[in-house]
Structure formats: structure tokens, C-alpha cells
Amino acid sequence: MDAAEQVFALRGYDGASLRDVARQADASLGVITHHFPSKENLLYNVVLRKRDPLIEIIRENLERAKNENKGDLGTIEAFIRPFLRSCIDSGSEFRTYIRLTSSFMGAYAANEVNVALLELLPISSLFAEFLRDAAPHIPDRKLKLAVYLIDAAVIFMVQDQGFLDQVTDGEYPIAAINELISPAATFFTGGLRALAETSD
């Protein structure tokens with residue numbers, strides 16, 4: 001499973017093969033296909049494997065923010081923190097997983113990956129649940145849009161391989177993207193509040 005995670009993260013769905021996974025795992029192709037009869041099935045299992053532990057980390061962050069009455073800003077910061085921290089923590093068990101799942105979002109409509117990616121919806125639902133608690137005055141329709149916009153921004157940020165360096169002339173190096181947790185949360189919160197004040 002580690003080998004599959006690495007191969008999918010490096011090559012994407014179309015570029016990866018079960019043979020590549022077998023080579024990376026130093027296992028026979030027969031062993032791989034015995035457990036995972038198709039590449040689609042393997043991806044599905046790779047996505048499921050770390051989803052629940054990641055959800056628990058996110059839930060703990062969100063509950064802490066709620067218990068400390070940190071409001072919408074604290075809720076948003078608690079949600080994005082595990083994603084951006086994993087980008088710079090080479091020891092994080094979620095680093096490759098988060099990059100893999102984020103990069104596959106660009107192929108969301110493809111049947112081969114859609115079934116697996118749908119298993120990630122509980123992460124967004126959990127965020128929406130806590131954000132709704134922190135900002136009860138925001139209409140449900142706008143809150144869902146805010147969750148999407150924040151998710152989309154974080155998906156791009158965790159895949160960034162240097163755009164941040166370029167656009168900020170190196171003032172915010174991608175190697176220190178975790179330093180953007182607080183500014184990003186402030187920015188997203190401002191957008192959430194502005195969205196709440198706009199008419200439909």
C-alpha cells in the first residue's frame with residue numbers, strides 16, 4: 001500500500017500501473033493482482049487506508065477550536081493546519097497521501113478515480129459541520145460554497161511545487177508553506193464573512 005501510494009502520487013492514475021506498484025514494493029505482479037484485481041480497486045483501497053486517521057486528526061483540531069471558542073477563524077485555521085503542515089513535515093504519514101488525493105481532484109469526473117474520491121467527502125462534511133456551528137448566521141447555501149472555495153484553495157496549495165515562490169518573489173518560500181496557515185485562515189475567514197453579507 002505504501003508503494004501504491006508513492007507510485008500514484010508520482011505518476012498519477014493514468015501514468016501508474018500495477019506493474020509499477022509491484023516493482024516499487026519489490027513484490028511479484030501476481031501478489032499485487034491477487035489482493036487488488038484492478039488499478040481502480042487498488043486506488044480505492046489506497047484512498048480509504050488513511051482517510052479515517054486523517055479525519056480523526058482534523059476532528060481533534062476542530063473540536064479543540066470549538067472548545068476554546070475560537071469562532072469561524074479558529075475553525076478554518078484548525079481545518080487547514082494538518083494539510084499545510086504535512087507539506088513540510090517529511091516524517092508525516094500523511095504527506096504523500098494528501099498530495100496524492102489532492103492531485104487526483106483534477107480528474108474528479110473520471111470514472112476510474114471518482115469512486116475513490118467520493119470517499120473523501122466526509123472530510124468536507126466534517127469541516128462544514130464545525131463551520132456551521134462557528135458561524136450559524138451564514139445561510140447554508142453560502143456556507144457550502146465557502147467550504148468548496150476553501151477546499152479548492154487548500155487542494156492547490158498542497159500540490160504547489162513553486163508557484164508561491166514565483167508569485168511572491170521568494171518572500172514566502174514553498175518550503176515554509178506552513179507559515180501561511182494563519183494568513184490563509186484570516187483570508188478565508190474574511191471571504192466567508194463577506195460572502196455572508198452578499199445577496200443571492
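Reader: How do the residues of the lining of the largest pocket divide into nonpolar, polar and charged?
Author: There are 16 nonpolar, four polar and two charged residues in that lining. Ala, Val, Leu, Ile, Met, Phe, Trp, Tyr, Cys and Pro count as nonpolar, Asp, Glu, Lys and Arg as charged, and the others, Gly among them, as polar. By the way, this is a predicted model, where local features need pLDDT of at least 70 and side-chain atom pairs 80 or more, while totals for chains, interfaces and linings use all residues. Residues are numbered from 1 along each chain as its sequence is written, and side-chain values use heavy atoms, leaving out hydrogens and water.

Reader: Which helix gives the most to that lining?
Author: Helix 9 does, with seven residues. Helices here are DSSP runs (H or I, at least four residues), numbered from the N terminus.

Reader: What in helix 5 meets helix 8?
Author: Contact means heavy atoms within 4.5 Å. On the helix 5 side you'll find Gly71, Asp72, Thr75, Ile76, Phe79 and Phe83, meeting Ile123, Phe127, Phe130, Leu131 and Ala134 of helix 8. Sorted by kind, the residues of this contact come out as eight nonpolar, two polar and one charged.

Reader: How do the residues lining the second largest pocket divide?
Author: That lining has 13 nonpolar, no polar and one charged. Helix 11 gives the most, with four residues.

Technical notes
Helices (H or I, at least four residues) and strands (E, at least two) are DSSP runs, numbered from the N terminus.
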